[in-house]
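The following exercises are to be worked with the sequence and the coordinates at hand. Each task is followed by a stepwise solution.

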Amino acid sequence: MKYLTENNINNYLINNYGYNKHNTNKLLKASRETAKQYKVKSIDIFFFMIENEPIKGIHTHSYGFNTSEGREVKNTFKNYYNN
């Protein structure tokens, strides 16, 4: 996936997990807002939340676990998603 759009998010989730139980609009907006706050790409935030992939430029993982900064990014994303 090159660009983060509602359609791409939906297709990605269906192709990789067989279903989509998330609100794709909320996923898109939360990814974009979190990305602005941490000055990274929204697609990186999306893959961090869905696949737990590290984000370049932010120390999100240590020995395979989330660091305090990684947990902060997740909490920020969750706040944007739920509001």
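**Exercise 1.** Which residues in α1 meet which residues in α2?

Solution. The structure is a predicted model, in which local features need pLDDT of at least 70, side-chain atom pairs count only at pLDDT 80 or more, and totals for chains, interfaces and linings use all residues. Residues are numbered from 1 along each chain as its sequence is written, and side-chain values use heavy atoms, with hydrogens and water left out.

Step 1. Locate the elements: α1 spans residues 6-17 and α2 residues 24-38. Helices (H or I, at least four residues) and strands (E, at least two) are DSSP runs, numbered from the N terminus.

Step 2. List the contacts (heavy atoms within 4.5 Å). From α1, E6, I9, N10 and L13 meet T24, N25, L27 and L28 of α2.

Step 3. Classify these residues: four are nonpolar, three polar and one charged. Here Ala, Val, Leu, Ile, Met, Phe, Trp, Tyr, Cys and Pro count as nonpolar, Asp, Glu, Lys and Arg as charged, and the others, Gly among them, as polar.

**Exercise 2.** Describe the packing geometry of α1 and α2.

Solution. Step 1. The axes of α1 and α2 are 9 Å apart and form an angle of about 115 degrees. Axes are lines fitted to C-alpha atoms, for helices over the stretch in contact, and angles run from 0 to 180 degrees between N-to-C directions.

Step 2. The two helices are therefore roughly perpendicular (65 to 115 degrees; under 35 is roughly parallel, over 145 roughly antiparallel, and the rest oblique).

**Exercise 3.** Is T60 buried or exposed, and which residues does T60 touch?

Solution. Step 1. T60 lies in the loop that links α3 (42-51) to β1 (61-62).

Step 2. With a relative accessible area of 1%, T60 is buried (buried is under 20%, exposed over 50%, partly exposed in between, with a 1.4 Å probe and protein chains only).

Step 3. Apart from residues up to four places away in sequence, T60 touches F48, P54, I55, F65, N66, T67 and G70. The T60 side chain also reaches the backbone nitrogen of I55 at 3.4 Å.

**Exercise 4.** Why is α3 described as largely enclosed by the rest of the structure?

Solution. Step 1. Seven of the ten residues of α3 are buried, so the helix is largely enclosed.

Step 2. These are S42, I43, I45, F46, F47, F48 and M49.

Step 3. The buried residues of α3 pack against α1, α2, β1, β2 (65-66) and α4 (68-82).

Notes. A polar contact is a pair of N or O atoms within 3.5 Å; within protein, one must be able to donate a hydrogen and the other to accept it, and residues adjacent in sequence count only if both atoms are side-chain atoms.
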